[in-house]
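Hello,

Here is the structure we talked about. Please open it alongside this note.

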Amino acid sequence: MIPAEPEAGGVYVHVPFCVRKCAYCDFYSCADLTKISAYVDAVIAEMGTRSDVSGIRDTLYFGGGTPSLLFPEQIAAIISSVRRRFDMAADTEITMEANPGTVGADNLAGWRKAGVNRINIGVQSFSDTALKFLTRIHSAADAVAAVDLARSAGFENIGLDLIYGLPGQTAQSWRSDLEAALRLKPCHLSCYMLTYEPATPLTQSLEKGLFRRLSDKAVATLYDLTLRYLEDNGFYQYEVSNFSTSRQTRSRHNQKYWTHAPYVGLGPSAHSLRADRRSWNVRFLDDYLERIGRGELPMDGAEDLGPRELMMETLYLRLRCKDGIAIPEFNQRFAVDFQKFFAAPIARYAAGGWVEATDSFCRLTRKGMRYADGIAAGFIDVL
Ligand code: SF4
């Protein structure tokens with residue numbers, strides 16, 4: 001196998017704090033905000049232990065959890081440490097996820113001044129009833145205010161996250177959410193389907209029969225509506241759940257995950273990828289602080305990805321992207337003839353109108369996007 005072309009890498013900082021746990025969320029997060037200051041010192045100390053990182057990086061992403069719980073000075077300290085420690089490009093995309101319940105004019109202006117140039121606001125819904133069901137800490141009005149304040153603070157690159165597929169949601173109510181989102185003129189939208197993760201309070205309520213989940217058919221109708229509505233209103237789908245107003249406003253950072261570009265993850269539970277080796281940090285904040293306090297690497301495990309795993313991941317990740325699989329590149333990387341190797345799934349899915357394949361690419365049609373994971377599994381079965 002020939003290694004993938006070296007690409008500029010990214011830096012991910014995992015901020016593991018939330019004011020309160022949302023009922024549907026299964027990410028690890030901690031509500032003890034008194035530990036934020038120790039966490040910031042630890043992340044900066046972790047950078048000093050990462051002797052395995054080299055090469056240019058052009059993205060820095062603060063994800064969580066709720067990164068907007070950090071004061072501007074804390075974000076500024078992490079950014080300047082990242083710039084000192086890693087080889088960061090002058091035009092680095094610096095993204096911060098923000099919860100509308102934690103933002104104000106002052107901290108937004110402070111984050112912007114600290115160098116954050118892209119903000120992703122977790123709106124989720126413009127219906128207060130839906131937000132209550134999801135146990136979010138903010139209202140729809142807070143979300144609208146957060147976007148307005150972000151723009152006044154100088155953010156031009158604003159993205160919004162929305163969730164669809166809620167119990168009882170109709171095409172009309174989801175369309176109202178999309179309309180409300182577009183009125184705020186974001187340049188990026190992520191529309192995620194509500195999922196029922198094992199053992200979350202939401203799943204427990206479902207199992208107790210406290211509500212009925214939306215049928216798969218109704219969810220599929222909402223997804224189709226999303227694609228049509230956003231396309232008619234100037235958004236391009238570039239991944240199953242992601243839409244932007246142009247190529248330039250795609251999430252540069254998230255695309256690194258889909259192309260196996262190298263990234264270094266800092267903070268509890270963060271993952272890193274370097275030269276086909278994936279590693280991950282300890283999951284819990286206290287373990288992380290303890291390890292860093294002892295001057296140790298906070299790494300919990302690592303695996304080397306062989307050609308088969310890399311091919312499987314490439315199929316799974318690239319078929320979720322609108323551009324699909326670049327066949328000449330795939331053939332060169334894995335030393336196979338894509339068309340021959342995957343002739344059976346290509347023929348099967350092309351006949352159903354789910355996949356289109358030429359000599360240069362293999363990608364999902366709009367109809368196929370809805371079944372991206374199942375179709376990728378059909379390709380992977382061949383391996
Ligand atoms: S704010 Fe985000 S990370 Fe925190 S609990 Fe809610 S969904 Fe999960």
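At what angle do the axes of helix 1 (residues 36-49) and helix 2 (residues 72-85) cross? Before the answer, one caution: this is a predicted model.

**Helix pair.** The axes of helix 1 and helix 2 cross at roughly 5° and come within 10 Å. Angles under 35 degrees count as roughly parallel. The two helices are therefore roughly parallel to each other. Helix 1 makes the contact through Val40, Val43, Ile44 and Met47. From helix 2 come Gln74, Ala77, Ile78, Ser81, Val82 and Arg85. By class, this contact has seven nonpolar residues, two polar and one charged.

**Domains.** The protein chain is divided into domain 1 (9-258) and domain 2 (307-380). Their C-alpha centres lie 29 Å apart. Domain 1 gives eight residues to the contact, and domain 2 gives nine. Which elements give two or more residues to the side of domain 1 that touches domain 2? They are helix 8 (216-232) and strand 7 (236-239). That side of domain 1 has six nonpolar residues, one polar and one charged.

Best wishes

Note on methods: Residues are numbered from 1 along each chain as its sequence is written. This is a predicted model: local features need pLDDT of at least 70, side-chain atom pairs count only at pLDDT 80 or more; totals for chains, interfaces and linings use all residues. Axes are lines fitted to C-alpha atoms, for helices over the stretch in contact, and angles run from 0 to 180 degrees between N-to-C directions. Helices (H or I, at least four residues) and strands (E, at least two) are DSSP runs, numbered from the N terminus. Angles under 35 degrees count as roughly parallel, over 145 as roughly antiparallel, 65 to 115 as roughly perpendicular and the rest as oblique. Two residues are in contact if their C-beta atoms, placed from the backbone, lie within 7 Å. Ala, Val, Leu, Ile, Met, Phe, Trp, Tyr, Cys and Pro count as nonpolar, Asp, Glu, Lys and Arg as charged, and the others, Gly among them, as polar. Domain bounds come from an automatic or database domain assignment.
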